[in-house]
Amino acid sequence: MRLRVLCAASLLLVLLPAPASASSGLWELTDLAAQRVQIADKVAAAKFGTPSPIDDPVREQQILDSVAAKAPGLGLDAAGVVRFFRDQIEANKVVQRGLYARWTEHPGTRPPGRPDLGTEVRPVIDRLNAGLLTELAETRDARARRSCDARLAVTVRLTDARRGLDRLHSGALAESVRSACVRR
């Protein structure tokens, strides 16, 4: 009986639109962060077995410089935006490292193809970054509330459940938004 209730609750989370409490300014931000965590699978697939390292300081700095330059125009603190996007980047690398370990230990789980970073993956990351930056601006007030940490934790759990994230991606999602709330 208990299993039925859990299954029904899980199904509702997947099928229902974003709950009003989660949409209190943080739903879209968290969902975009989840999508960015999930794109790490394609990044890992593109790099695995090649000389391209997981860490790409040049590309990472380009992203951080870009969002820092756009932050003031959106009424955002550049240092806070950089901190948030650094968390995005680190969460992405957590997923890549986890997948590398999985694929090395279980070669049969390796992805069949290698997506092109430049034409298939980076444009998606750039679109997600733009959306995250916009959401940071739109959620400025919600992220400054004292209740932000609690609301964000609930939103992360709901997003995790709706997207059916595994342990690796779930942990990365939590890491990716840890700087979302504004500390005063």
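This is a predicted model: local features need pLDDT of at least 70, side-chain atom pairs count only at pLDDT 80 or more; totals for chains, interfaces and linings use all residues.
Colleague: Why is the pair of phenylalanine 48 and tyrosine 100 called edge-to-face?
Modeller: Their planes stand at 75°, and over 60 degrees counts as edge-to-face.

Colleague: Where do phenylalanine 48 and tyrosine 100 lie?
Modeller: Phenylalanine 48 is in the loop between helix H2 (27-47) and helix H3 (57-70), while tyrosine 100 belongs to helix H4 (residues 78-105). The pair therefore ties together parts that are 52 residues apart in sequence. Phenylalanine 48 counts as buried, at 15% relative accessibility.

Colleague: And the rings of phenylalanine 84 and phenylalanine 85, how are they arranged?
Modeller: They are edge-to-face, because their planes are at 80°, with the centres 5.5 Å apart. Phenylalanine 84 is buried at a relative accessible area of 1%, and phenylalanine 85 is buried at 0%.

Colleague: Which residues do ring pairs link into a cluster?
Modeller: Phe48, Tyr100 and Trp103.

Colleague: Changing topic. In the largest nonpolar core, which residues touch the most other members?
Modeller: Val81, Phe84 and Phe85 do, in a core of 34 residues. H2, H3, H4, helix H5 (117-138) and H7 each give at least two residues to this core. H5 supplies the largest share, eight residues.

Colleague: What is phenylalanine 84 in contact with, leaving aside neighbours within four places in sequence?
Modeller: The list is Leu29, Leu132, Leu136, Ser176, Val177, Ser179 and Ala180. There is also a second, separate core of 13 residues, with Ala40, Ala45, Val95 and Ala172 among them.

Colleague: Now H7. What span should its 16 residues have?
Modeller: Helix H7 (residues 148-163) should span 22 Å at 1.5 Å a residue. The C-alpha atoms at its ends are 22 Å apart, which agrees.

Colleague: Which residues of H7 are buried?
Modeller: Cys148, Arg151, Leu152, Thr155, Val156, Leu158, Thr159 and Asp160. As background, an α-helix has 3.6 residues a turn, so residues three or four places apart point the same way.

Colleague: What comes just after H7?
Modeller: Glycine 164, which takes a positive phi of about 65°.

Key
Residues are numbered from 1 along each chain as its sequence is written. Side-chain values use heavy atoms; hydrogens and water are left out. Helices (H or I, at least four residues) and strands (E, at least two) are DSSP runs, numbered from the N terminus. The expected span of a helix is 1.5 Å times one less than its number of residues. Buried means under 20% relative accessible area, exposed over 50%, partly exposed in between (1.4 Å probe, protein chains only). Rings of Phe, Tyr and Trp (its six-membered ring) pair if their centres lie within 6.5 Å; planes under 30 degrees apart count as stacked, over 60 as edge-to-face and the rest as tilted. A nonpolar core is a set of buried Ala, Val, Leu, Ile, Met, Phe, Trp, Tyr and Cys residues joined through side-chain atoms within 4.5 Å. Contact means heavy atoms within 4.5 Å.
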